[in-house]
Amino acid sequence: MSDQIKFIVDNLNKEPFRKNYNLITFDSLEPMQLLQILNDVLAEIDPKQVVDIREEMPEHTAKRMLSLLGILKYKPPGNATDMSTFRQGLVIGSKPVIYPVLHWLLQRTNELKKRAYLARFLIKLEVPSEFLQDETVADTNKQYEELMEAFKTLHKECEQLKTSGFSTAEIRRDISAMEDEKDQLIKRVERLKKRVETVQNHQRMLKIARQLRVEKEREEFLAQQKQEQKNQLFHAVQRLQRVQNQLKSMRHAAADAKPESLMKRLEEEIKFNSYMVTEKFPKELESKKKELHFLQKVVSEPAMGHSDLLELESNINEINTQINQLIEKKMMRNEPIEGKLSLYRQQASIISRKKEAKAEELQEAKEKLASLEREVSVKTNQTREFDGTEVLKGDEFKRYVSKLRSKSTVFKKKHQIIAEFKAEFGLLQRTEELLKQRHENVQHQLRTIEEKKGISGYSYTQEELERVSALKSEVDEMKGRTLDDMSEMVKKLNSLVSEKKSALAPVIKELRQLRQKCQELTQECDEKKSQYDSCAAGLESNRSKLEQEVRGLREECLQEESRYHYTNCMIKNLEVQLRRATDEMKAYVSSDQQEKRKAIRQQYTKNITEQENLGKKLREKQKAVRESHGPNMKQAKMWRDFEQLMECKKQCFLKQQSQTSIGQVQGVYQNGLRALFKGLWNSNRILRNYKTLHFPL
């Protein structure tokens, strides 16, 4: 576990995560932080998973992660019961669940990126069969499948090109080298054309040479086909021999077999199959059904928290204690009959378990045998693809081994001869080197002698003249041979052309007849096509007219339907109004006062009288407000003037107090009292005026 955590921390500290964790900080992460790290790793593999899990419901997070892990083919450890614990652990962010997932993802990130990329295009959408009955849906689904297959082929080609090792620089160098070779070949062809133009009838000779080349290529192709057919015939003969040998061996085995042994074998197989069908498979099916029911129950339940898990654990402990108590009570009774029965039951259970184990071993052995047979068939197919032959068996393999031994003796002899030749080659090479050294010494002595005599370079010029004369004689001989070869070639080509003409004469006659038939058929086809086009144009015009009529009738139908619905609505409104009017008349005509009060007319009249009374009161209030508006405004102005007067006196008093000294405090105090009394007298006068205005006697 520590190695696993260390690997996870090392990879998370690298690009592109850069988490800067150590073992302690990583182990102390909370479940939500672990889930966010797992989501970040999944987002690196598939960019669609970039989500903040704090803003997502836990059920949605678990569902999204489980679907992506299923696409990436992650297999949780354990059986079907562990799957429920894995799902719950993924929801709550359990460390024993998330650590293996992170370790598995970080081990193969590049491979999983590729798998997630391919899953976007290769996961097939399952269309229900009832929708596929529609032609447009079926055509779209077929086109979708074709595009999927095309994507597969293109992806394979792209991967092959990536792994082929070719680089653009190498390809460019190859292209430039090929262009240079092309230019050189063009120049050489132009030089040869200039040389050939001097020869008489060169066009005819070139044409004949071209025909000869075509025939040679055809001859090589036919020879290759002949060789391939010979190889196929040889392989077919070998296959036939092997099949005949197998048939003989099978016949011998059938002849040696007795009916009693065959019957015993068949009875054993029947017993085994009946046991598997009647006992083992039903038990496995029942267990699988129980597991499925349990898993469906777990899936249908909501996500469990930590408190729910603690509650379940406590319930499990209680049930276990109850089971232990019941077992102890049963053992305390210790009834003899039940003890004997328990012995028989134990023996029966042991025998049934042994039987099941042996059946499972036999089933595994059969599966292993089938897998080995499949591997043998695959290997035989691979050997056939490599060299076209099958694996040898029995006597054929012995003969093949004897041939290999004889060839190995021959190989050893040849190898010994080659070693002798190599030794001789070494000796000859050494003698050649010695002779070259002697020749160089002689040449050096000859040059020194020529320099002494005053004729330096004489031997070199003599050798050059001899070499040039030899080259000239060779060129003359080659020219003579080429002219003879060309004349013979022309003769052969003429004879071949005449033979081909005689062979092609009946074919040309047949071709002329076929051309005439082709012209007649093309004329007939053109006539039929013109008739078809005219008929199709007429049908198309009729179809367009019918479509216009149908469109107009549909619009009329829609208008009539809307008019019908509108009239129905108006009728319903009128019925409601008529019903209200009859109810109003009944209430108005009836002698009961309570029903009259319920009438709408009475209610409206009552409301009208109440509103009229309210309007009268409001008008009277308005009149009173208008009459008292002027005196109230004067009174408010007088109070504002009084407030300003008092504020002014306060300011004057504060200024005098700050300017006068301590000795003059008494005089200032008297003046202030005088001013205060004067202000009070003015205020009393203002109040008397106010009373005379608003409260007359």
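View 1. Thr61 is buried, with a relative accessible area of 6%, where buried stands for under 20% relative accessible area, exposed for over 50% and partly exposed for values in between (1.4 Å probe, protein chains only). The residue belongs to helix H4, residues 58-71, helices being DSSP runs of H or I with at least four residues and strands runs of E with at least two, numbered from the N terminus. Leaving aside residues up to four places away in sequence, Thr61 touches Ile53 and Glu56, a contact being heavy atoms within 4.5 Å. This is a predicted model, in which local features need pLDDT of at least 70 and side-chain atom pairs count only at pLDDT 80 or more, while totals for chains, interfaces and linings use all residues. Residues are numbered from 1 along each chain as its sequence is written, and side-chain values use heavy atoms, with hydrogens and water left out.

**View 2. Helix H4 and its buried residues.** The 14 residues of H4 reach 20 Å from first C-alpha to last, close to the 20 Å expected at 1.5 Å a residue, a span taken as 1.5 Å times one less than the number of residues. Thr61, Ala62, Arg64, Met65, Leu68 and Leu69 are buried in H4. Seen down the axis of H4, the buried residues fall within an arc of 165°, so they line one face of the helix; the arc is that of the directions from the helix axis to the C-beta atoms.

**View 3. The residue Lys73.** Just after H4, Lys73 adopts a positive phi of about 65°.
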